[in-house]
Amino acid sequence: MTTDHAADIDRHVKVYITVFVVLMILTIVTVAISRLHLSVPVAVTVALLVATIKGSLVACYFMHLISEKKLIYAVLGLTAAFFVALLALPVVTQSNGYWIHEPPSEAQSAPATSPHQ
């Protein structure tokens, strides 16, 4: 029983060390990519991709979400959906003008007068 428990701990430690090494490699990749002269959209896309992978590794292994029940994933998915909806809300309201009622500025509300009248 003790050897099985020790072997199980060794296996978990190896997984943690592997994840740590991968996180360090991805950090080096992030720094290396930041040194490249990429266009802003490409640089942001690559940085977000690497950050997503790193965040997923941390959440799955160090926060032990990889062995959680399906309910946790459902709550996480619902949270992500609300987050995307809240991020999209300003874009939607700006593009079609719904829900935005700005008072007219003084230049628009006052009649134009010419100084030569």
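In what order do the elements of the chain run from the N terminus on? They run α-α-α-α. The chain has 4 helices and 0 strands; helices (H or I, at least four residues) and strands (E, at least two) are DSSP runs, numbered from the N terminus.

Some notes on the source. This is a predicted model, in which local features need pLDDT of at least 70, side-chain atom pairs count only at pLDDT 80 or more, and totals for chains, interfaces and linings use all residues. Residues are numbered from 1 along each chain as its sequence is written, and side-chain values use heavy atoms, with hydrogens and water left out.

Now the chain as a whole. Of its 117 residues, 6% are buried. Buried means under 20% relative accessible area, exposed means over 50%, and partly exposed is in between, with a 1.4 Å probe and protein chains only. The accessible surface of the chain comes to about 10100 Å², by the Shrake-Rupley method with a 1.4 Å probe, where for residues only the protein chains shown count as cover. Carbon and sulfur atoms account for 72% of that surface. Take the contacts (heavy atoms within 4.5 Å) between residues at least 6 apart in sequence: 63% of them join residues at least 24 apart.

Next, helix H1, residues 2-35. Its 34 residues should span 50 Å at 1.5 Å a residue, and the end C-alpha atoms are 50 Å apart, which agrees. The expected span is 1.5 Å times one less than the number of residues. Val19, Leu23 and Leu26 of H1 are buried, and what covers the buried residues of H1 includes helix H2 (40-62).

H1 and H2 also meet in an aromatic pair. A search of the whole structure finds 1 such pair. Tyrosine 16 and phenylalanine 62 form it, stacked, at 5.8 Å centre to centre with 25° between the planes. Tyrosine 16 lies in H1 and phenylalanine 62 in H2, so the pair ties together parts that are 46 residues apart in sequence. The rule is that rings of Phe, Tyr and Trp (its six-membered ring) pair if their centres lie within 6.5 Å; planes under 30 degrees apart count as stacked, over 60 as edge-to-face and the rest as tilted. Tyrosine 16 is partly exposed at 28% relative accessible area, and phenylalanine 62 is partly exposed at 36%.

Last, how many salt bridges does the structure hold? It holds 1, a salt bridge being a side-chain nitrogen of Lys or Arg within 4 Å of a carboxyl oxygen of Asp or Glu. Arginine 11 forms it with aspartate 8, the closest N and O atoms being 2.7 Å apart. Both residues lie in H1, 3 residues apart, about one turn of the helix.
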